[in-house]
Amino acid sequence: MHKFVAIVGTNSDHSTNRKLLQFMQTHFADQAAIELVEIKDLPMFNKPENRQVPEAAQAIAAKIDAADGVIISTPEYDHSAPAVLMNALEWLSFHIHPFVDKPVMLIGASYGSLGTSRAQAHLRQILDSPELRARIMPSSEFLLGHSLQAFDEEGNLVDEQKLAKLTGLFTDFQTFVDITKELNHANEANRKEVQNVNWDKL
């Protein structure tokens, strides 16, 4: 059984992105172990001169290292991912690099009708950066619009079409994880390169 880390990409206490991940954690419990990870308590990234990474960020990095893959659920603010999520990724690419060659699935929930397509597109660019180098599952947007009405009182998705798509994408992600494990011949070189990235010397 696969083990996944699911990052709640918001600092909101009442987030439908958290609710979406909680639903996946329960609904797919017979297929994978999904652990929700919160990022709202991370301090603001400030590129400390002593290169000290907060313990909270180190703990998240350790969970990612131990996981088979990562699921990130993001809101969309101003056509982009929220600052708190980008802040977390800053810490998780500052002298620690748990995302190198790590399979990632992107999903998102929003109150409006458009979902989080632009936020997810932005995240793909960030996760593909030299400091992160994640393996993002291609052609796999899951956009949950009108998310305040998307769940019943027990926290289940009520739209059968959305559930069918999420189920299919989650199955695809597990296949993607297995395939990615075979694409590891440059992993050691990638890790060395990412450790040597230093924009101050460019």
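The legends below describe close-up views of a predicted model.

**View 1. Strand 1 within the structure.** Strand 1 covers residues 2–8. Of its seven residues, six are buried, so the strand is largely enclosed by the rest of the structure. Buried here stands for under 20% relative accessible area.

**View 2. Strand 1 beside strand 2.** Strand 2 is formed by residues 32–38. Seven bridges link strand 2 with strand 1, and the pairing is parallel. One of the residues to look for is I7, whose bridge partner in strand 2 is V37.

View 3. Helix 1 spans residues 16–27. Together with strand 1 and strand 2, helix 1 makes up a β-α-β unit, and this unit is right-handed.

**View 4. Strand 1 beside strand 3.** Residues 69–74 form strand 3. Strand 3 runs parallel to strand 1, and five bridges join the two. F4 has G69 of strand 3 as its bridge partner.

**View 5. The second largest pocket.** The space in this pocket amounts to about 210 Å³. Its lining consists of 14 residues. Nearest the centre of the pocket lie D101, K102, P103, T180 and K181.

**View 6. Make-up of the lining of the second largest pocket.** Six of the lining residues are charged, five are nonpolar and three are polar. Helix 5 (160–182) and helix 6 (187–195) each supply at least two residues of this lining. Helix 5 gives the most, with three residues.

Notes. Residues numbered from 1 in each chain as written. Predicted model: local features only at pLDDT ≥ 70, side-chain atom pairs only at ≥ 80, totals over all residues. Heavy atoms only, no water. Buried < 20%, exposed > 50% of the residue type's maximum accessible area, 1.4 Å probe, protein only. Helix = DSSP H or I, 4+ residues; strand = E, 2+ residues; numbered from the N terminus. Pairing = 2+ DSSP bridges. Right-handed = clockwise from strand over helix to strand, strands pointing away. 1 Å grid on protein atoms, 1.4 Å probe; cavity = no way out; pocket = protein on both sides within 12 Å on 5 of 7 lines; lining within 4 Å. Points joined across faces, edges and corners; volume = space filled by probe spheres on them. Nonpolar A, V, L, I, M, F, W, Y, C, P; charged D, E, K, R; others polar.
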